[in-house]
Amino acid sequence: MKKEEVPQDLSSLGKITKEVCYATDAAGKYTTELSQGWDVKISALDAAWQDIGERVEAAKARVLRGEASPLLYFMELKLMDIKVLSGYSRFWQWQIKRHLRPAVFKKLSDRTLRRYADVFDISVADLNSLNVHAD
Amino acid sequence: MQIEFKHIQAAHCENGVTVSLLKNIGIGEITEPLAFGIGSGLFFTYIPLLKVNNGPAFAYRTMPGLIFKRTCRALGITVLRKRFRTKARAQEFLEQCLANGHAVGCQVGVYYLPYFPKEYRFHFNAHNLIVYGKEQDRYLISDPVMENTESMSAYELERVRFARGVLAPKGQIYYPIASRPITDDTIRRAIKSGITRNIRDMLHIPGPFAGVSGIRYTGRRIKKWRDSLGTKKAGLYLAQLVRMQEEIGTGGGGFRYIYAAFLQEAYGFYLDDILPAVSASFTKSGDLWRTAAVEAAGIYKGRLGSQEDFNRIGDYLFEIAEVEKQAFTALAKIKWQL
């Protein structure tokens, strides 16, 4: 890539910091150039976030239909999989899988719910009601 | 408490941390491309069974941590590296290091990194930054991908140092300990070992998933994605391929250019005409990766989507595999006289 070809499509990162790119100068020697972003990358990230949005909505629908516990909704919302949630909550993965069942979730103690709510940065009431405060 | 420290911005976080920490102990000869090449940073792997953020797992560079480790070892520099069971112990040790005048590298997760834009915060735990001081209650941070320095509260820093999930950093902290000065001869030897190891990683790892054969394997898979996954999911997989390739700190096309820059700089230490010639091959490979990314964008934006489009991307990867194979084969022909 030549220095003049380094893309300058403003991305959400570009507003905060520019990225270093290695590119060649007129003599073919490598040098660095700052880039504000690249359209191809921006749309890849957009595609990923759109997918996340759809997953969150699908999770919400499943919770409301009683097919999964509210844990599923907040996991998708916080981009967590069972492994990550297990790491932060210190529950075993098999426990989380059980807690994803609505019948089991209903019987969880306040202390257990508290642990999940802390991981998701929400209150226990919000955890039960799928309430999301914009941050 | 502040250590005299100069922030250096880099294309990739681990290269940047390596360069900055070495410069900080008086070894200014190591540039980002040199660190990347000596650490044998160039790589490719696709692990079909592993899922990252609900997509396939690709990597365009070696395992996190290896670039720093290998570069220091090749230069004969001792490294102190520590992980912690408890947050309190981790914080205490950090304070001690700063008090002793050591700027330290930290492995962190980006999900809770306060100065990153929200769109970039995923549960990705192999980011690296440097803590170089403390002012009032805030730690001074030099993050190599940022243009300027940042700061974080003790709580924020603790949170990213103890991020959880895959590759959990467990508070990992590391810094090089100053040793004897580095001569050009040391660097020459380091360059040789870096290149030799990279040839092994890209050409000679058995199985279809790693190195040049990994690129070819990915190309074959991409051609099948449209039928096996459907256009929508296949598009998301391609978006993931591009994000792993080009996103901050992971640039795959970018890594090819850094390696090309490394070979140019290596020529300055070891005059062998193979080096600049192969450097041009890696520029070509980087360009091809980017062209493939543009094609892939056509698919996940919904502009393209026929089987021919998938085939074309697959063919680009075949071409890249061939270019990189030729390049490393040529590097293997260098007769090192040290």
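This is a predicted model: local features need pLDDT of at least 70, side-chain atom pairs count only at pLDDT 80 or more; totals for chains, interfaces and linings use all residues.

Begin by selecting residues 307-332 of chain B, which form helix 11. At 1.5 Å a residue, the 26 residues of helix 11 of chain B should span 38 Å, and the end C-alpha atoms are 37 Å apart, so the two values agree.

Next, show the side chains of helix 11 of chain B. The buried residues are F310(B), I313(B), G314(B), Y316(B), L317(B), I320(B), A321(B), V323(B), E324(B), A327(B), F328(B) and L331(B).

**Chain B as a whole**

Chain B contains 11 helices and eight strands. Its radius of gyration is 21 Å, close to the 20 Å that the globule rule gives for 338 residues, so chain B is as compact as a globular protein of that length. Along the principal axes, the C-alpha atoms of chain B fill a box of roughly 60 × 50 × 30 Å. Of the 338 residues in chain B, 51% are buried. Among contacts in chain B with a separation of 6 or more, 69% are between residues 24 or more positions apart.

Colour chain B by domain. Domain 1 comprises 13-30 + 78-177, and domain 2 comprises 184-332. The centres of these two domains of chain B, taken over C-alpha atoms, are separated by 29 Å.

**Local features of chain B**

Select residues 42-52 and 55-61 of chain B, which are strand 1 and strand 2. The two strands run antiparallel and are joined by six bridges. To locate one pairing, pick T45(B), whose bridge partner in strand 2 of chain B is A59(B). Then move to the turn of this hairpin, where two residues lie between the strands and N53(B) takes a positive phi near 45°.

Is R73(B) buried or partly exposed? It counts as partly exposed because it has 15 C-beta neighbours inside 10 Å. Draw a distance from R73(B) to I38(B): the two are 35 residues apart along the chain, and their C-alpha atoms are separated by 9.8 Å.

The next stop is L167(B), in the loop between helix 5 (154-161) and strand 8 (173-177) of chain B. L167(B) is not a glycine, yet it has a positive phi of about 55°. Most residues other than glycine have a negative phi. With 17 C-beta neighbours inside 10 Å, L167(B) counts as partly exposed.

**Chain A**

Chain A has a radius of gyration of 22 Å, whereas a compact globule of 135 residues would have one near 14 Å. The C-alpha atoms of chain A fill a box of roughly 70 × 25 × 25 Å along the principal axes. Buried residues account for 33% of the 135 residues in chain A. Of the contacts in chain A between residues at least 6 apart in sequence, 45% join residues at least 24 apart.

Colour chain A by domain as well: domain 1 covers 3-37 and domain 2 covers 52-129. A separation of 41 Å lies between the centres of domain 1 and domain 2 of chain A, taken over C-alpha atoms.

Then select D121(A), in the loop between helix 6 (110-120) and helix 7 (124-129) of chain A. D121(A) is not a glycine but has a positive phi of about 60°. With 12 C-beta neighbours inside 10 Å, D121(A) counts as exposed.

**Where the chains meet**

Methods. Residues are numbered from 1 along each chain as its sequence is written. Chains are lettered from A and ligands numbered from 1 in the order in which they are written. Two strands pair if DSSP finds at least two bridges between them. Helices (H or I, at least four residues) and strands (E, at least two) are DSSP runs, numbered from the N terminus. A residue is buried if 20 or more other C-beta atoms lie within 10 Å of its own, exposed if 12 or fewer, and partly exposed in between; C-beta atoms are placed from the backbone. The radius of gyration is taken over C-alpha atoms; the globule rule is 2.2 Å times the number of residues to the power 0.38. Two residues are in contact if their C-beta atoms, placed from the backbone, lie within 7 Å. Domain bounds come from an automatic or database domain assignment. The expected span of a helix is 1.5 Å times one less than its number of residues.
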